Amino acid sequence: MRAGLGVRLFACLIALLFVTPTLIVAATSVTSGSMVTFPPKGFSLRWFQEVLTDPEWLTALGNSAQVGLLAAVLAMAAGTSLAFAAARSRFLPPALVTGLAVLPMTVPLVVAGIGFYLVYIRVGLSGNVLSLGIAHAVLGLPFVFVNVLAALTGVDRRVEEAARVSGATEAVTLLRITLPLVAPAALVGGVLAFVSSWDEVVVALFLNTPQFRTLPVVMWSQVRSGVEPSISAVATLITLVSLLMAALVLVGPAVVKKVRRRT
Amino acid sequence: MSALSQIPSRASSPGPQAGPEAGSAVRAGHGAGPGEGPARARRFPRPDFWSGAGLPGLVFVVAAFVVPMAVVVVKSLTDPSPANYTAIFTSSVYQRSVVDTLQMALVVTVLCLLIGYPYAYAMARSGTAMRTFLMVALMLAFWTSLLVRTYAWQIVLNDTGLVNTALRDWLGLTSAPIHMIRTPFAVYVGMVHILLPYAVLALFAQLRSIDPDVERAAQVMGARPWRVFARVTLPLSLPGAVAGGVLVFVLALGFYITPQLLGGARQVYVGQAIMQQIEQFLKPGVGAAMAVLLFVAVLAVLGLAARFVGLGRILGVGMGRRR
């Protein structure tokens with residue numbers, strides 16, 4: 001049954017409300033004036049220039065990128081490993097492994113933040129890429145786990161058996177056959193882990209020090225004192241990276257499949 | 001959409017319980033004939049190769065996540081004492097905070113479902129162009145950072161913001177700014193905007209799964225469109241509403257950033273109260289106790305809802321996006 005005209009008009013209105021805030025932020029970042037006004041006064045990229053030459057923002061940008069990459073790599077390793085155990089182990093109860101791997105998805109960030117804060121500081125892990133990278137890897141690993149697990153159920157076991165029959169050990173089969181087969185799924189999960197780290201604020205607030213702050217943490221500290229075109233510029237940069245990554249994950253696999261089918 | 005629902009209860013191949021040490025390399029790992037695996041191994045499973053492959057992940061998640069969570073529980077009981085919990089339950093300040101939070105989460109959930117339903121319906125029951133437009137708009141919002149979107153609402157709802165400028169300078173309707181920022185109203189606007197996509201995605205997935213023939217049958221039998229909707233479509237879409245509503249509700253319970261920026265000082269929601277205990281009052285024990293209660297509440301709601309719609313469906317809605 002087709003949706004009625006009223007319903008469709010209402011949906012379009014909400015769709016506009018969905019995108020307007022993001023567009024407003026982008027618009028206020030390209031103003032040539034020195035205040036956030038709407039409509040913006042003239043067009044200039046001066047605020048992007050200012051942000052990208054300011055050492056504070058640049059350091060934060062570097063920190064965010066490093067933390068995101070570390071989180072993605074760790075999440076890919078741990079999530080894939082857990083997915084293997086959940087799907088294949090006859091020793092570990094799958095419900096236990098799955099529960100452990102999915103639990104970080106359910107924890108409120110404030111709660112996770114306190115835990116990381118209490119423990120990581122005690123073991124000398126605070127205010128650096130490693131501590132926040134590990135924390136964000138924990139939060140991102142469910143995405144890797146879920147994707148790899150789904151991919152594993154689609155793996156043709158006969159391919160692995162063929163390797164075993166040909167004399168490969170279990171370890172070699174895992175490295176040369178199974179891992180490459182689930183690698184794309186792990187990569188998708190890794191990108192998701194990167195994005196969730198890239199714009200995460202709460203846990204980053206718990207683990208930040210004046211010397212070590214990520215982009216969202218610096219943005220947070222400035223946002224609390226008001227709105228500025230430079231914050232809009234940073235917000236736009238953060239959003240562009242997130243959207244690019246999302247497009248990579250949402251559209252990428254379909255494109256790859258299409259190209260492969262053609263060749 | 002929800003890869004989580006594909007979580008298998010156990011590997012499908014009924015192979016023998018052969019560890020690396022039991023039998024030749026070729027035999028282990030695939031479905032061999034009966035009697036080949038030792039019976040005692042079947043009764044008492046021993047660590048096998050795949051448990052070893054899972055070990056690094058298990059060690060990581062236990063050390064980096066389970067231990068910190070356990071430390072929060074210990075902290076809540078020992079810093080200074082379990083009285084942290086009685087303080088939460090007896091102090092009127094905390095009680096107020098809990099009531100405010102529950103009320104806020106409930107209102108946000110209801111609003112998300114009421115607004116999200118027609119949106120999801122339009123997405124599920126329209127042509128490709130319309131569906132693509134609605135999906136792109138949804139995704140654009142969904143993947144914009146929570147902090148950025150909260151900041152955007154700050155720009156819009158400020159005393160000198162977009163809405164007030166429009167009302168005063170362009171339309172001439174008001175002379176003094178309408179105070180919207182730092183009120184519960186602003187929090188509701190921001191939170192509904194941020195959480196609405198979860199409700200829409202859950203409802204959309206459910207609506208798409210309804211067999212069109214069922215609705216057609218009702219129509220053929222003479223039911224008018226609204227009756228088809230009320231008696232067929234709506235009941236069949238309820239699991240999606242439950243999944244989306246529960247997810248929105250538990251996410252809303254722990255929000256910190258949005259209420260902190262858009263809300264006033266009068267409403268202190270649980271997420272903010274926890275931060276306050278740690279940052280301002282330097283009482284990590286009380287903060288930890290509140291955190292434990294919050295996590296338990298979230299798990300209880302999820303566990304309860306999982307009995308009706310399945311945990312995979314609820315958590316799968318997130319599509320890899322967390323708040």
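Q: In this predicted model, how many of the 25 residues of H6(A) are buried?
A: A residue counts as buried when its relative accessible area is under 20%. By that cut-off, helix H6 of chain A is mostly covered. The number of its 25 residues that are buried is 21.

Q: How far apart are the end C-alpha atoms of helix H6 of chain A, and what span should its residues give?
A: Helix H6 covers residues 129-153 of chain A, which is 25 residues. At 1.5 Å a residue, these should span 36 Å.

Q: At which residue does H6(A) bend by about 40 degrees?
A: A proline, A:Pro142, lies in this part of H6(A).

Q: Is A:Thr106 buried or exposed?
A: A:Thr106 is found in helix H4 of chain A, which runs over residues 94-106. Its relative accessibility is 10%. The cut-off for buried is under 20%, so A:Thr106 counts as buried.

Q: Which residues does A:Thr106 touch, not counting residues up to four places away in sequence?
A: A contact means heavy atoms within 4.5 Å. With sequence neighbours up to four places away left out, the residues that A:Thr106 touches belong to chain B. They are B:Phe295, B:Val298, B:Leu299, B:Leu302 and B:Leu315.

Q: How far apart in space are A:Thr106 and A:Val217?
A: In sequence, A:Thr106 and A:Val217 are 111 residues apart. In space, the separation is taken from C-alpha to C-alpha, and it is 23 Å.

Q: How many helices does chain B have?
A: Read along the sequence, chain B follows the pattern α-α-α-α-α-α-α-α-α-α-α-α-α-α. It has zero strands. Its secondary structure comes to 14 helices.

Q: Among contacts in chain B between residues at least 6 apart in sequence, what percentage join residues at least 24 apart?
A: Chain B has 323 residues, and 52% of them count as buried. Its contacts are taken here between residues at least 6 apart in sequence. Among these, the share that joins residues at least 24 apart is 73%.

Q: Which helix gives the most to the lining of the second largest pocket?
A: About 330 Å³ of space lies in this pocket. Among the 16 residues that line it, the closest to its centre are B:Val98, B:Val270, B:Leu293, B:Leu294 and B:Ala297. Helices H3 (83-90), H4 (92-124), H10 (225-253) and H13 (284-309) of chain B each supply at least two lining residues. With six residues, the helix that gives the most is H13(B).

Q: How many residues of the lining of the second largest pocket are nonpolar?
A: The lining has no charged residues. Two of its residues are polar. The number of nonpolar residues is 14.

Q: Which residues does a cis peptide bond join in chain B?
A: B:Pro80 lies in the loop between helix H2 (49-78) and H3 of chain B. The omega of the cis bond is about 0 degrees. The residues joined are B:Asp79 and B:Pro80.

Q: Is B:Leu282 buried or exposed?
A: B:Leu282 sits in the loop between helix H12 (270-279) and H13 of chain B. It has a positive phi of about 50 degrees although it is not a glycine. Its relative accessible area is 61%. The cut-off for exposed is over 50%, so B:Leu282 is exposed.

Methods
Residues numbered from 1 in each chain as written. Chains lettered and ligands numbered in written order. Predicted model: local features only at pLDDT ≥ 70, side-chain atom pairs only at ≥ 80, totals over all residues. Heavy atoms only, no water. Helix = DSSP H or I, 4+ residues; strand = E, 2+ residues; numbered from the N terminus. Expected span 1.5 Å × (residues − 1). Bend = angle between axes of the 7 residues up to and from the residue. Buried < 20%, exposed > 50% of the residue type's maximum accessible area, 1.4 Å probe, protein only. 1 Å grid on protein atoms, 1.4 Å probe; cavity = no way out; pocket = protein on both sides within 12 Å on 5 of 7 lines; lining within 4 Å. Points joined across faces, edges and corners; volume = space filled by probe spheres on them. Nonpolar A, V, L, I, M, F, W, Y, C, P; charged D, E, K, R; others polar.
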